[in-house]
Amino acid sequence: MTDEYYMQQALKEARLAYEEEEVPIGAVVVMNNRIIARGHNQTERLNDCTAHAEIIALTSAFNNLGSKYLPEATIYVTVEPCLMCAGALYWSKIGRVVFGAEDDKNGYRRGSPDATVDGWPFHPKTDLTGGILRDECATLMQEFFRARR
């Protein structure tokens with residue numbers, strides 16, 4: 001399977017969030033070429049500002065594996081993680097983070113302008129890939145916010 005395939009799966013989660021009138025961000029956690037967890041934003045549904053797609057997916061993965069660390073896993077998320085989610089990803093020791101669209105307003109780089117050097121918010125062993133299906137991920141977000149203005 002490819003990064004594009006798994007990002008399509010994350011986009012399916014994001015579309016579920018969109019249908020539930022949540023900010024349309026989705027995530028899947030993959031290990032050994034198998035999706036072990038899924039999540040999408042549920043902040044409105046749960047009345048919880050921490051119920052981001054990444055947090056929901058991480059919690060599901062931890063429960064699935066019975067472990068609090070995911071060094072062999074990859075998370076695919078449709079939008080660049082925020083600082084809170086970057087912190088959760090750090091503590092999970094996840095092996096790889098793959099995101100679709102950048103988030104200049106709320107992404108992890110907001111608090112770490114030089115995120116490639118001293119401001120790296122992820123675990124030192126975590127690999128980062130951005131821009132996978134960027135346009136599809138960005139379009140879904142744009143459509144969501146355009147419909148609400």
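Analyst: A salt bridge here is a side-chain nitrogen of Lys or Arg within 4 Å of a carboxyl oxygen of Asp or Glu. This is a predicted model: local features need pLDDT of at least 70, side-chain atom pairs count only at pLDDT 80 or more, and totals for chains, interfaces and linings use all residues. Residues are numbered from 1 along each chain as its sequence is written, and side-chain values use heavy atoms, with hydrogens and water left out.

User: What makes Glu13 and Arg38 a salt bridge?

Analyst: Their N to O distance is 3.9 Å. That falls within the limit, so the pair counts. Glu13 is in helix α1 and Arg38 in strand β2 (residues 34–40), so the bridge ties together parts 25 residues apart in sequence. Helices are DSSP runs of H or I with at least four residues; strands are E runs of at least two; both are numbered from the N terminus.

User: Is Glu13 buried or exposed, and how do you know?

Analyst: Buried means under 20% relative accessible area, exposed means over 50%, and partly exposed is in between (1.4 Å probe, protein chains only). Glu13 has 8% relative accessibility, so it is buried. Arg38 has 35%, so it is partly exposed.

User: How many salt bridges does the rule find?

Analyst: The count is three. Arg96 and Asp3 form one of them, with the closest N and O atoms 2.7 Å apart. Arg96 lies in strand β4 and Asp3 in helix α1 (residues 3–19), so this pair ties together parts 93 residues apart in sequence. Glu102 also bridges to Arg134, with the closest N and O atoms 2.7 Å apart. Here Glu102 sits in the loop between β4 and β5, Arg134 in helix α5 (residues 134–147), and 32 residues separate them.

User: Why do Arg96 and Asp3 get their accessibility labels?

Analyst: Asp3 has a relative accessible area of 18%, so it is buried. Arg96 is at 21%, so it is partly exposed. In the other pair, Glu102 at 33% counts as partly exposed. Arg134 at 35% is also partly exposed.

User: How do you know how many disulfides there are?

Analyst: A disulfide is a pair of cysteine sulfur atoms within 2.5 Å. For Cys82, the closest cysteine sulfur is in Cys85, at 3.7 Å, so it is too far for a bond. For Cys137, the closest cysteine sulfur is again in Cys85, at 15 Å, which is too far as well. The count comes to zero.

User: What makes Thr78 buried, and what does it touch?

Analyst: Thr78 lies in strand β3 (residues 74–79). Its relative accessibility is 1%, so it is buried. Contact means heavy atoms within 4.5 Å. Leaving aside neighbours within four places in sequence, its contacts include Met7, Leu11, Ile25, Gly100 and Cys137.

User: Where is His123, and why is it called buried?

Analyst: His123 is in the loop between β4 (96–101) and β5 (127–129). Its relative accessible area is 16%, so it is buried. It touches Tyr90 and Lys93, not counting residues up to four places away. Pro121 is in the loop between β4 and β5. At 14% relative accessibility, Pro121 is buried. Its C-alpha atom is 6.0 Å from that of Ala86, 35 residues away along the chain.

User: What makes a set of residues a nonpolar core?

Analyst: The members are buried Ala, Val, Leu, Ile, Met, Phe, Trp, Tyr and Cys residues joined through side-chain atoms within 4.5 Å. The largest core here has 23 residues, and Val29, Ile75, Leu89 and Ile94 touch the most other members. At least two core residues come from each of β1 (26–31), β2, α3 (53–65), β3, α4 (83–92) and β4. Helix α3 gives the most, with four. A second, separate core of 13 residues includes Met7, Val28, Val98 and Ala101.

User: Which residues does Leu89 touch?

Analyst: Not counting residues up to four places away in sequence, Leu89 touches Leu58, Ile75, Pro81, Ile94, Val97 and Phe122.
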